[in-house]
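Reader: I have a model on my screen and some questions about how its parts meet. Can we go through them one at a time?

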Amino acid sequence: MSEWEPKIVAFLCNWCSYGSADLAGVSRLQYPHNIRAIRVPCSGRVNPKFILAALRQGADGIWVSGCHPGDCHYIEGNLYARRKFTLLKNLLDYTGMEPERLHFSWISSAEATKFAETARGVVDAVKTLGPARHFIKREAEVA
Amino acid sequence: MSEMYIAKEKFPATVKQLMGRCRVYGPVFRGQYHEFAELKAAEDADMGYQNTRLSPKELFHPQSERMFTYSLDKSDSEAEILKEAPKDFSSRVILGIRPCDAKAFQLDDRNFDVDRFRDPWWVKRRESTTLVGLACNQPCASCFCTTVGTGPFDTGGLDVLLTDVGNGYVARSTSSKGDDLLQGMEGGEKVSSEAAQKVMDLKIKAEKQLGVQFDVSTLSEQQMLELFNASFWDDIQFSCINCGICTFLCPTCWCFDIQDEVHGNKGDRIRNWDSCMFPLFTLHGSGHNPRSQKLQRVRQRFMHKLKYYVDKYKDGVACVGCGRCVRFCPVNIDIRQVARLMSARCVCPA
Amino acid sequence: MRAYTGRIREAAKRLLAENRVDVVIGFRKGTIPLMNEPYLIKSVDQVNQLYWDSNCGINLANYLPKRPDRVGIVAKGCDSRNIVVHILENQIKREQLYIIGVPCKGMLDRRRIMAERNGREPLFAEELEHKVRTVRYELDLTRDRNYFLQDNCRICTHRNPVIYDELVGDLVEEQQVDRYTDVRKIEAMSAEERWEHFEKLIEPCLRCYACRNACPLCYCPTCFVDEARPQWVGKSLDKTDTRTFHFLRAFHVAGRCTDCGACERACPVGIQVRQFTKKMEKDIKELYGYEAGVIADERPPLDTYRPGDPEPFFK
């Protein structure tokens, strides 16, 4: 029997975290294949709607990663994002979502090791939780 | 026409009898308000209720209804073929429905059950349902059924009418379906002349209380374009926030929208209530929206109920006076007030 | 609060007569007890239609966005806060407005009165000093006014307008209350309980969007629920869709919501939608020290940042 493997949707900023994923690749660093990377211009571009959309379509975990505070390509995009995600995660927690399904990180394009490590951490955390139970829409539940 | 008297202490047993024969729906108190639900126990039906918060149209025209399902799996031999979603059309009784709400189904029949278009699910549900009404001894302050051609004791849309005469109910059938239902019932007594008199008295009292609050007869005489261009719409529409409460609570609002939802390889075609209050209701694929302004949408709802319908069917207005929209409009737009403006003999051009 | 009516009419009359404003937005007496209708007047001869009592809970700031004219507006504490938010968000200019401030003692919750009357609508209602009386059939009910206050009014800490050009009465004393007892109660539950709690809370939702439309903050030309490409949320009564709507609606008003209670007041099925928004309000206050609609020249919390903002769970 095949073991369940989580699906993680990762929103990676073009300038840092996506670069670090690239570097992890060319450096032959191992990290789990559960990550589905979506390249976004900036972590500030990630709308809470995107996260909900991913959850609704069956993502077991979400990971948003951007440049370190102060290093944003657009100067301050990640600083707005920081507030947005703090509130979003709090509200998701508050309404009953398991906190360990959502992950945020700052990874520069040079930090391939951190990328691989964080990816492992995210996958492990979601694996411990098991398959997603909330916010998924498998079919319309109507009469 | 058959009739019987059911003492209140025997009423639960009567309901139980019915439940043995078919599905029985009744007014059930759900925390904050009453709604029609299939009875699990005879005692669940609260016959002392005023009216349900939502109109019972949900029982025939569910807010969300799966119409068809289909598979998009190419290996499936029946891929991309619409299959009707299974539904329960077994016979049922709706107990304690108010006469106005029952009358509303007859208006809705004009949309769902006419020679050219017969909505199979609406028709089947209508056919398998017996409506046992409960007369309104104490109408709401915001009701106006008598004004729009129905009434607190109107039997027009019902199969049986129950009247609470204090210690019991007088049940009178008003259709052959109702006859069948009552004839099969045990435990009924003969209606005494006092009880029969009480029904009459209650009817007169309730009808008098409601009175005639505006004159619908002049609506058909009004010039449609004059009404359409009347200046009062601007006044009426100001406070409207374009929510869908009036349309969703209304027993005679029947508009719906059909959506396809695909999840993985499986698809559903779902029918959902829609509301002419929403801008999306009329939005064209091109991006053009013939009713992009709030005024146009507000006007549409009232014109449809009080003018277009009147002219098209020549049988009164598309409103049964249940008063739900009056009670629950968050900004107090009152259809009675609008009807007064529309039916006034002199309509001033804008 | 009925005494304000005269002062409101006076102010409106003066403003229109002196051509200080083009229109005045206030309330007129409703057609049923315990309800008033938001109303716009354009001329002096209409001022006597203006009215005020404890049933003016709808937030009039809702009628302001993108108005081109000069507007006189009657505003209680929460309305004034939403006017501040509108000004911050460029929905209206301060110079266009003449704010007739109403110190508010809280608005009545019609639903609570109806429940007390076993769902029987009153034919007549009157406000006495500190009391409310409703009558219909054999039921003549008089109760303390405070007993019937809207939930948000009970814990309101800005009863006086925060911004105004004139006042129609003396400022009232502000309440010193703990605004977040209910939020803390939910926070103390387990994750599973919280999920169930909200599942139950929104179960009766009809998706009529009255909560959204009654909200002065919801002025987007196209709401996310109406977007079709992509369609973020389905149209049916599916509970995931309903939940997505409530969740994103709440998130959209983060840092902007003044807890005016218009959403709950409008809801036809009595959902306490403020349970979502109040959590955001609490977090924003604790994390960023911000209260919506109070200070007119401070950027809203999601439109700004501080380098040292807390980031408890960022790796």
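Reader: How many salt bridges are there between chain B and chain A?
Author: This is a predicted model, so side-chain pairs count only at pLDDT 80 or more. One bridge pairs the side chains of B:E261 and A:K137, at 2.7 Å from N to O. The count between chain B and chain A is 2 salt bridges.

Reader: Which elements of chain B give two or more residues to the side that touches chain A?
Author: Start with the polar contacts: 4 residue pairs make them across this interface. On the side of chain B, the residues by class are 1 nonpolar, 2 polar and 5 charged. The elements giving two or more residues there are β4 (64-71), β10 (256-263) and β11 (266-273) of chain B.

Reader: Which three residues supply 66% of the area that chain B buries against chain A?
Author: The contact takes 8 residues from chain B and 6 from chain A. Between the two chains about 630 Å² is buried, with 47% given by carbon and sulfur atoms. Of the part that chain B buries, 66% comes from three residues, more than from any other three: B:S64, B:R66 and B:H263.

Reader: What is the area buried between chain C and chain A?
Author: The size of an interface is often given as the accessible area lost when the parts come together. Here 47 residues of chain C are in contact with 42 residues of chain A. Carbon and sulfur atoms give 65% of the buried area, which is about 4,200 Å².

Reader: Which residue of chain C meets A:K137 in a salt bridge?
Author: Between chain C and chain A the count is 7 salt bridges. The one with A:K137 has an N to O distance of 2.5 Å, and its partner is C:D241.

Reader: Which helix gives the largest share of the side of chain C that touches chain A?
Author: Four helices of chain C each supply at least two residues there: α5 (181-187), α6 (191-201), α8 (239-252) and α10 (274-288). By class, this side has 25 nonpolar, 7 polar and 15 charged residues. The largest share is 9 residues, and it comes from α8(C).

Reader: Is B:N51 buried or exposed?
Author: B:N51 lies in the loop between β3 (33-38) and β4 of chain B. Residues it touches include B:H34, B:R98 and B:C100. Buried means under 20% relative accessible area. The value for B:N51 is 15%, so B:N51 is buried.

Reader: What is the N to O distance in the salt bridge of B:D101 and B:R324?
Author: B:N51 has a side-chain polar contact with each of these residues. The contact with B:D101 is 3.4 Å, and the contact with B:R324 is 3.3 Å. The side chains of B:D101 and B:R324 also meet in a salt bridge, with an N to O distance of 2.8 Å.

Definitions and conventions
Residues are numbered from 1 along each chain as its sequence is written. Chains are lettered from A and ligands numbered from 1 in the order in which they are written. This is a predicted model: local features need pLDDT of at least 70, side-chain atom pairs count only at pLDDT 80 or more; totals for chains, interfaces and linings use all residues. Side-chain values use heavy atoms; hydrogens and water are left out. Contact means heavy atoms within 4.5 Å. Buried area is the accessible area (1.4 Å probe) that two parts lose on being put together, summed over both. A salt bridge is a side-chain nitrogen of Lys or Arg within 4 Å of a carboxyl oxygen of Asp or Glu. A polar contact is a pair of N or O atoms within 3.5 Å; within protein, one must be able to donate a hydrogen and the other to accept it, and residues adjacent in sequence count only if both atoms are side-chain atoms. Ala, Val, Leu, Ile, Met, Phe, Trp, Tyr, Cys and Pro count as nonpolar, Asp, Glu, Lys and Arg as charged, and the others, Gly among them, as polar. Buried means under 20% relative accessible area, exposed over 50%, partly exposed in between (1.4 Å probe, protein chains only). Lists of a residue's contacts leave out its neighbours within four places in sequence.
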